[in-house]
Amino acid sequence: MATNENLPPNVIKQLAKELKSLDESPPEGIKVGVNDDDFSIIYADIEGPAGTPYENGVFRMKLVLSRDFPHSPPKGYFLTKIFHPNIATNGEICVNTLKKDWNPSLGLRHVLIVVRCLLIEPFPESALNEQAGKMLLENYEEYARHARLYTGIHAKPKPKFKTGAISESTTALNVEQTNTSTLNADQKNTAPGAALPVISASPSPLAPITVTTRGNGQDQPAVVTPMESGSAAAASAAATTTVRKDGGLTKAQADKKKIDARKKSLKRL
């Protein structure tokens, strides 16, 4: 899964579209692959054009995008050894499109096509490989022999890029960006003082539960009385019955005193 920490989100979005287009409709003789961990490194396999010393060879290269891409051009490197005036021994590519002629509106497709065209028409005047440039100007047959030798030794067909790898990577990237955007939106929509209930720990079965709602910087307590358990309810009923019985006895004793008083009065008469 691509992390793409080296590029800004708007550039990643544009790259994802372009890479998907390159995967679904590749330029002639060019197959593009991606580094699943970092979209700032773009790989491509370039087939040697027919009628050139590079014919029948497959040359792997990479484009390295800086964080300020597309305002600055990518850097191009051949990973496959090649004998060519405009490609240094360390693989660095020298072409005006990636230097003074760079324009932010140019896409990866244009860059890759230009690099393949270098294999058809080298520019010995701006050579990075001086030996190849000099040989091309003075003795083309010797130059072509060296180029074919390098091609036969180093430019053997490479393991093909996984079919649909770019589409899978760009789809996963879009899902990741969508999830991130949704999460950020949810965080923005959540009020800073959102009410969160806090319940006191381990309340007793009959004790009132105090719930404190925190919101707007103030604590607002509320008391919630829980339902009594069966045994507690029975105990309450028994207490009520006892009180009623005690009340009945008190009334009977009062009535008895009144009757005794009346009997005493009758005897006096």
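**Exercise 1. The sheet**

How many bridges join strand β3 to β4, and do these strands run parallel or antiparallel? Describe the sheet that contains them.

*Solution.* This is a predicted model, in which local features need pLDDT of at least 70, side-chain atom pairs count only at pLDDT 80 or more, and totals for chains, interfaces and linings use all residues. Residues are numbered from 1 along each chain as its sequence is written, and side-chain values use heavy atoms, with hydrogens and water left out.

Step 1. Strands are DSSP runs (E, at least two residues), as are helices (H or I, at least four), and both are numbered from the N terminus. Strand β3 covers residues 58-64 and is joined to β4 by four bridges; the two run antiparallel. Two strands pair if DSSP finds at least two bridges between them.

Step 2. In one of these bridges, V64 has K75 of β4 as its partner.

Step 3. The open sheet has four strands in the order β1-β2-β3-β4, paired antiparallel. Its edge strands, β1 and β4, each pair on one side only.

**Exercise 2. The faces of β4**

Determine which side chains of strand β4 are buried.

*Solution.* Step 1. Buried means under 20% relative accessible area, exposed over 50%, and partly exposed in between (1.4 Å probe, protein chains only).

Step 1. Within residues 75-78, the side chains alternate: G76 and F78 are buried and point to one face.

**Exercise 3. Helix α2**

State the span of helix α2 and what covers its buried residues.

*Solution.* Step 1. Helix α2 (residues 108-120) has 13 residues and reaches 19 Å from its first C-alpha to its last, close to the expected 18 Å. The expected span is 1.5 Å times one less than the number of residues.

Step 1. Its buried residues include L108, V111, L112 and R116. The elements covering the buried residues include α1 (9-24), β1 (30-35), β2 (38-47), β3 and β4.

**Exercise 4. Residue C94**

Where does C94 lie, and is C94 buried or exposed?

*Solution.* Step 1. C94 is in the loop between β4 and α2.

Step 1. With a relative accessible area of 12%, C94 is buried.

Step 2. Not counting residues up to four places away in sequence, C94 touches N86, K99, L118, S126 and L128; contact means heavy atoms within 4.5 Å.

Step 3. An unreviewed UniProt entry lists C94 under "active site". UniProt positions are given in the numbering used here, feature names are shortened, and annotations may be inferred rather than shown by experiment.
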